[in-house]
Amino acid sequence: MDLRVFTFASINIDEVYSVPHIVRPGETISSTERQQNAGGKGANASVAAARAGAQVHIAGLIGKDGLWVRDMLLQTGANVDHVRVLDDASTGRAIIQVDEDGENAIFLFPGANRRLTKADAQRAFAQCTMGDWLLLTNETTAVAEAIAHARSLGMQVLWNPAPMNSRMMDAKELVDMVDVLVLNETELLELAKQIKGVDAEIDSTNKDYTGLARQIIAQVQVRAIIVTLGSEGSVGLVRRARVNSHSILVSSETSSAEASSSSIASSGAGDDVVEIRMPCAPVPKEEIRDTTGAGDTWVGYFVAELARTQSESPESIGSLATLTPAMVKLAMKFATYASGLAVTKMGAIPSIPERPDVEAFLRTQAL
């Protein structure tokens, strides 16, 4: 089977300002440069998945001021048949400050992104087949409806719940419909606070995010939790040795290569969760220009690589999409090197690399 990636996407126009430092309360500073680019977490991840080689179908809303953004998304090879233009709304906007170290601060105007509905999901997913992926974030409306509809069609769901909702676990059954959760440290901590029985306290000297993720995966039905840790790389927890409640086969095998790898480990006998650690790509600090969109690049490449390896796996037959630790590890590695390249350029979508460039970086370990 040839799995596709459907995105229920936020689409923005990014206004990027280069500043000496992130503005402080009450302070006025001058920008040294201004750029306008296409953006939005959903659009960024969609472009990343397309450049990674996936067949991507985007559902989203824009105003007439965003027609050029839709054209740009189309040029990446993504299908934009379900990117609708509203006459009475503006395209979402992001105002982004980028300081001299490449760090950023962002505030959003949601615009048309807040007009997405269940009907948009129904139209967009009408052409899906069982096992296709849905990728979505929290920058649009109708997230819950999109997840529920995707699950009813037998799709796999990757949710990057950013920005994090302080009441996300009020609908635990929704989280249980998700296959893969991708979180950063802040989102992980917020989610932990919402789950009864999870100790959300983190020692400032230890920062055991992996232990926290283990507590969470024990309370929810997801197949995998991935935590991105910035300069510390990422860690993945993947279930094995069972068929989950989604009726999608999870491999009961762990290969000898996986077992011998220092980056894949089990915490003890009888544990059905495999831990994967992935260090950052070798990007010198002086090469970092802009971290905007790096996380979205990571997510897009990650889901594209999962779709590719599942499509080629002899274990994935018909609608039974296997998700093994080895698949997740490979996807994490591609995602890590793609986001490593992304931070060396300015802008979100303009910085997302093409797959051959990521493969070359992986091969040479040099920019």
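Q: Why does Phe 6 count as buried in this predicted model?
A: The relative accessibility of Phe 6 is 1%. Buried means under 20%, so Phe 6 counts as buried.

Q: Why does Phe 125 count as buried?
A: Phe 125 has a relative accessibility of 1%. The limit is under 20%, and Phe 125 therefore counts as buried.

Q: How many aromatic pairs does the rule for ring centres give?
A: The count comes to four aromatic pairs.

Q: What makes the pair of Phe 6 and Phe 125 edge-to-face?
A: The ring centres of Phe 6 and Phe 125 are 6.2 Å apart, with the planes at 85°. Pairing requires centres within 6.5 Å, and planes over 60 degrees apart count as edge-to-face; the pair is therefore edge-to-face.

Q: Why is the pair of Phe 6 and Phe 125 said to tie together parts apart in sequence?
A: Phe 6 belongs to strand β1 (residues 5-8), whereas Phe 125 is in the loop between α3 (118-124) and β8 (133-137), so the parts tied together are 119 residues apart in sequence.

Q: Why is the pair of Tyr 337 and Phe 361 called edge-to-face?
A: The planes of these two rings stand at 65° and their centres are 4.9 Å apart. Since planes over 60 degrees apart count as edge-to-face, the pair of Tyr 337 and Phe 361 is edge-to-face.

Q: Which helices hold Tyr 337 and Phe 361?
A: Tyr 337 is in helix α10 (residues 325-342) and Phe 361 in helix α11 (residues 355-364), 24 residues apart.

How values were computed:
Residues are numbered from 1 along each chain as its sequence is written. This is a predicted model: local features need pLDDT of at least 70, side-chain atom pairs count only at pLDDT 80 or more; totals for chains, interfaces and linings use all residues. Side-chain values use heavy atoms; hydrogens and water are left out. Rings of Phe, Tyr and Trp (its six-membered ring) pair if their centres lie within 6.5 Å; planes under 30 degrees apart count as stacked, over 60 as edge-to-face and the rest as tilted. Helices (H or I, at least four residues) and strands (E, at least two) are DSSP runs, numbered from the N terminus. Buried means under 20% relative accessible area, exposed over 50%, partly exposed in between (1.4 Å probe, protein chains only).
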